[in-house]
Amino acid sequence: MLKRKDLLGLKDVTREEIEEILALAAQMRKVLDQSAKKTTDLQGKSVITLFYENSTRTRTSFETAAKIMSASTTSISVATSSVSKGETLIDTGKNLDAICADAIIIRHSMSGAPHLLAKNVRASVINAGDGLNEHPTQALLDMYTMKEHFGSFEGLKVVIAGDIKHSRVARSNIWGLNKMGASVTVCAPKTLLPAEIDKMNVTVSSNLDECIKGANVVMGLRMQLERQQAGLFPSVAEYHAFYGIDAKRLRNADGDAIVMHPGPVNRGVEMSSEVIDGDQSVILPQVTNGVAVRMAILKLLLAEKRG
């Protein structure tokens, strides 16, 4: 079992803990292939999703994972909750504690919000994305997908292309993949690279054609179009011309390379439809694997709390 109450990020998680999560996720993945997708691992447990930002895949994935393992689930819509009346995050958390929540899964626009919540509640807190900081469960499902395909991380060349500056997915993947022995290259125009990138043990490139050569994994990131007006790149068309992952560029990757994306995908921006729907794409298997990984995390955090 994980020797921690919460899962807040991969920066402080050990390689052994990642291996434990991925190993259990492989068992949970088998459950998803059964006709009766049901276990009693979390019977009697209460799981609450508390999302201050919009989500489709992550929220639904967590709720599906909890229900498959027989936990009761509650989804809180912040727009119609007491938060809209001025209730603080800490007070919200303490009230969820008071109704006997075993796990609180939180997504928040402010970096560090899950850490603040975790310090003030008895329930296990799982970070489902905080500001520009981390998205640990997305990175874990990405790593599970890579391991499922390649068997090992050692020697893998992983290229992450796109809006690195604003991507919590990129940060969690960098922390996790470095610990597992993969080689990570990030590719973006300089305006879309974070200031601290040189301290993150990655290769940095602004030439996608060069860094994609021989890559085993090519991961696109959502171009956050709502930030385009900030002048971070000239236009969507120009961005796609230089950094869009298309079939021609993909031919320079390793012959067995896989294409990944955390979603949602802007078709024709970070990737062409031909690549998204092509044989090398594992974007939809990533979604399925996300349920298995989140089942594993919930079980590892909550199983010891039985009774």
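Strand 1 (residues 46–51) runs parallel to strand 3 (residues 103–108), and 5 bridges join the two; strands are DSSP runs of E of at least two residues, helices are runs of H or I of at least four, both numbered from the N terminus, and two strands pair if DSSP finds at least two bridges between them. The model is predicted, so that local features need pLDDT of at least 70 and side-chain atom pairs count only at pLDDT 80 or more, whereas totals for chains, interfaces and linings use all residues. Residues are numbered from 1 along each chain as its sequence is written, and side-chain values use heavy atoms, with hydrogens and water left out.

Within this pairing, Leu50 stands opposite Ile106 in strand 3. The open sheet comprises 4 strands in the order 2-1-3-4, with parallel pairing. Strand 2 (72–77) and strand 4 (124–130) each have a single partner strand and stand at the edges, so one side of each is left without a neighbour in the sheet.

Thr145, located in helix 5 (residues 136–150), is buried, with a relative accessible area of 3% (buried means under 20%, exposed over 50% and partly exposed in between, with a 1.4 Å probe and protein chains only). Leaving aside residues up to four places away in sequence, Thr145 touches Met260, Val282, Gln286 and Asn289, contact meaning heavy atoms within 4.5 Å.
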